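Please look over the model shown here.

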Amino acid sequence: MNFEHTEERRMLADSLNRFIAEQYDFETRDRIVKSAPGFSREIWRQFAELGVIGALFREADGGFGGAGFDIAVVFEALGRGLVVEPLLGSAILAGDAIAAAGNEAQRALLADIIDGTSIASFAHDEPGTHYELARVHTRAERSGGQWVLNGAKAVVQQGEHADLFVVSARTAGAAGDEAGISLFLLPAGTPGLSVRGCPVIDGGRVAELTLTDVRLDAGALLGAENQGYLTLERAAGRGVLALCAEALGAMEVVKTATLEYLRTRKQFGTLIGSFQALQHRMADLLLEIEQARSAVINAAAALDAERLPRERALAAAKVSIGRIGALVAEESIQLHGGIGMTWELPLAHYAKRLVMIDHQLGDEDHHLQRFIALGKRLAA
Amino acid sequence: MDLNFTAEEELFRSEVRAFLADKLPAHLSHKVANGKHLSKSDMEQWHAILNARGWLANHWPVEHGGPGWSAAEKFIFEHECGLANAPRIVPFGVSMLGPVLIKYGNEAQKRYWLPRILDGSDWWCQGYSEPGAGSDLAAVKTTAVRDGDHYIVDGQKTWTTLGQHANMIFCLVRTNREAKKQQGISFLLIDMATPGVEVRPIITLEGEHEVNEVFFTGVRVPVENLVGEEDKGWTCAKYLLTYERTNIAGVGLSVAALERLKRISAQQTRNGRPLDEDPSFAARVARVEIDLENMKTTNLRVIAAVAGGGVPGAESSMLKICGTEIRQEILSLTRRAMGPYARPFIPEALEGGYTGMQVGPEAAASAAAQYFNNRKLSIFGGSNEIQKNIISKMILGL
């Protein structure tokens with residue numbers, strides 16, 4: 001039993017934390033999220049140089065990490081800085097799908113993703129699917145030697161600026177079936193693909209994609225036909241871990257800021273931190289954040305385990321983070337009072353991100369149902 | 001980062017399992033598993049079995065009869081005992097007084113009292129709380145006035161758990177009324193057979209006799225029964241409360257209780273289906289299971305920090321809150337799982353050898369009583385609100 005990170009991971013975390021503290025302060029971040037692209041190409045390039053993207057890939061895929069605790073360390077640091085650059089979409093979700101299911105030619109794309117010259121995006125959710133991984137309506141049909149895709153993809157991270165999409169589409173079965181889902185590599189700018197971008201409340205931008213008779217060559221199929229579900233689940237699982245770790249980093253910042261406020265803000269002639277009603281709420285937050293940290297550790301440790309225990313630990317973590325993230329956000333705003341309601345306070349932006357993390361890759365309710373279902377399958 | 005126990009620790013786990021399979025009497029584990037009451041001789045029997053193996057005082061130093069276990073080994077032992085439905089070790093002598101004597105007792109006290117804790121010659125109870133000193137423990141009013149070679153003790157203790165079985169009580173008494181609150185308290189060992197000691201039962205809300213009031217009227221206690229210095233007993237009192245806390249979260253007990261809840265909810269039905277398929281009930285069980293999985297790791301993190309040279313200080317307050325809330329929730333769900341059969345309550349059915357009328361499933365007999373009895377978890381050992389005060393002061397610096 002050992003809860004220390006390896007020397008390499010500690011060094012990675014240190015350099016990433018330092019970079020974020022020096023180059024990604026609140027004003028910089030605020031400027032970035034308000035800019036037209038909603039992220040910074042320059043920061044992205046620097047992340048790549050620092051090896052942050054490479055740390056998320058295995059050596060066999062051209063990286064130098066890719067284990068659960070690599071993802072946890074990186075995303076905890078990103079969470080501390082409220083980083084909006086597309087590490088989740090490009091490296092974790094799309095990148096992992098390509099690494100796991102790609103043929104040699106497709107896996108050759110990973111080098112550009114890892115060195116930051118190419119941004120990939122994961123276009124899977126659809127309007128009305130509400131996190132359900134197997135509910136894919138978008139269809140891909142064979143036509144001559146090509147695939148023709150029709151459908152819509154919802155709330156795609158960095159959809160406007162991706163060079164390449166990993167798109168899920170149904171090639172057999174009914175919406176909701178795990179079998180019959182196939183994955184495709186779709187280059188940006190392909191005729192028939194329309195991209196409508198918009199900002200999100202927690203910073204950065206997303207896009208709604210519409211696919212109208214999008215024609216792809218046979219070589220665009222990623223992995224075996226009809227067998228895309230397990231690749232999706234694996235990539236989404238890594239994404240869940242990343243989001244949970246990101247939330248943990250954000251919680252740490254919120255905790256420190258709120259404590260600082262309780263120690264300096266005076267009302268009724270005394271520090272508000274001396275009031276027991278507030279002390280106990282803060283003690284609860286501390287306790288819950290430590291439980292969240294344990295959830296992230298459990299999920300990271302299970303990432304390379306067999307499918308059922310792995311997915312169950314990931315679901316447990318997402319349930320924990322969903323509940324605790326919203327609690328930390330709501331309580332920290334309440335403990336700050338009026339000032340917690342303002343844009344000028346960084347805390348408010350952390351609170352928004354913490355709550356919105358529950359809206360990515362499955363919320364608390366979704367993962368609670370999943371945890372129950374997986375538990376039954378484990379017991380059977 | 002590695003959540004696995006070492007090969008040696010896993011070997012130790014097998015050793016504990018083999019011991020429990022071999023030595024834990026079935027009549028004891030059956031009682032524990034079904035929430036039945038353990039008699040004095042049940043508890044003494046289990047202590048004797050553990051003592052014969054050298055595992056009774058598992059956190060004492062080796063020179064006083066401890067096995068020399070690491071924090072991880074203690075955790076494994078507690079965990080496996082919980083899973084096997086072993087009776088819990090009665091803590092008052094082994095876990096509370098023992099460490100205080102080892103740290104603050106003189107040589108004569110150690111030589112005399114420690115072996116008697118191990119071999120069961122003495123059954124200790126705890127004289128801490130008083131009617132006016134609960135969470136505010138330092139407000140104790142029971143007095144000890146020096147009279148030659150004796151102290152004369154007058155006053156009242158309360159919530160004395162299993163005091164009806166005890167022949168000895170360790171007490172916080174006030175030896176100096178002039179000094180400030182925490183000073184002026186002394187730590188005194190009192191023979192309950194001394195004239196002037198009277199034990200009266202307190203019946204708790206579910207009808208059980210587990211706790212007592214103890215009255216002292218002109219009780220003469222030899223001065224050699226003073227532990228540590230006169231007026232410095234608060235140091236002993238605090239040490240006792242913080243000494244052994246790696247198991248304060250009670251992970252093993254909660255894991256066992258959750259297993260039991262799952263077995264019960266698979267057998268009960270709602271809407272013609274097993275209760276564990278009911279979405280709202282399944283969701284509540286899943287939530288507490290997730291909290292427990294998280295707490296297991298939180299607990300191990302604290303243990304690892306201790307092994308690395310840290311001291312479990314206020315972190316144990318977090319584990320106490322978390323652990324008690326989780327156990328209370330599991331017991332609450334167990335009560336709910338019994339449906340209407342949670343209400344019929346035949347107190348005798350919780351005693352060993354009961355052969356009378358059985359109403360509903362066997363597990364129903366104790367479900368509500370256990371739920372009510374364990375409301376105590378968030379009150380004793382420093383209420384959960386007191387724990388939050390400690391966290392607030394010691395960790396948050398508020």
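**Helix α8 of chain B**

In this predicted model, the buried residues of α8(B) are Val251(B), Gly252(B), Leu253(B), Ser254(B), Ala256(B), Ala257(B), Leu258(B), Arg260(B), Leu261(B), Ile264(B) and Ser265(B). Their cover includes α2 (26-33), α4 (71-83), α9 (279-307) and α10 (315-337) of chain B.

- Helix α8 of chain B runs over residues 251-267, which makes 17 residues.
- At 1.5 Å a residue, α8 of chain B should span 24 Å. Its end C-alpha atoms lie 25 Å apart, so the two values agree.
- An α-helix has 3.6 residues a turn, so residues three or four places apart point the same way.

- Strand β3 of chain B covers residues 150-157, and its side chains alternate.
- One face carries Tyr151(B), Val153(B), Gly155(B) and Lys157(B), which are buried.
- Strand β2 (residues 143-147) of chain B pairs with β3(B) in the antiparallel sense, over five bridges. Asp147(B) has His150(B) in β3(B) as its bridge partner.
- β2(B) and β3(B) make a hairpin, with two residues between them. In the turn, Gly148(B) has a positive phi of about 65°.
- β3(B) also pairs with strand β7 (residues 209-222) of chain B, again antiparallel, over seven bridges. Here Val153(B) stands opposite Val219(B) in β7(B).

**Chain B as a whole**

- Chain B holds twelve helices and ten strands.
- Its radius of gyration is 22 Å, close to the 21 Å that the globule rule gives for 398 residues. Chain B is therefore as compact as a globular protein of that length.
- The C-alpha trace of chain B spans about 75 × 50 × 45 Å along its principal axes.
- Of the 398 residues in chain B, 43% count as buried.
- Take the contacts in chain B between residues at least 6 apart in sequence: 72% join residues at least 24 apart.

**Contact between chains A and B**

- Chain A gives 30 residues to the contact, and chain B gives 30 residues.
- On the side of chain A that touches chain B, α8 (229-264), α9 (276-302), α10 (307-336) and α12 (364-379) of chain A each supply at least two residues.
- α9(A) provides the largest share of that side, 13 residues.
- By class, that side of chain A has 17 nonpolar, ten polar and three charged residues.

Technical notes: Residues are numbered from 1 along each chain as its sequence is written. Chains are lettered from A and ligands numbered from 1 in the order in which they are written. This is a predicted model: local features need pLDDT of at least 70, side-chain atom pairs count only at pLDDT 80 or more; totals for chains, interfaces and linings use all residues. Helices (H or I, at least four residues) and strands (E, at least two) are DSSP runs, numbered from the N terminus. The expected span of a helix is 1.5 Å times one less than its number of residues. A residue is buried if 20 or more other C-beta atoms lie within 10 Å of its own, exposed if 12 or fewer, and partly exposed in between; C-beta atoms are placed from the backbone. Two residues are in contact if their C-beta atoms, placed from the backbone, lie within 7 Å. Ala, Val, Leu, Ile, Met, Phe, Trp, Tyr, Cys and Pro count as nonpolar, Asp, Glu, Lys and Arg as charged, and the others, Gly among them, as polar. Two strands pair if DSSP finds at least two bridges between them. The radius of gyration is taken over C-alpha atoms; the globule rule is 2.2 Å times the number of residues to the power 0.38.
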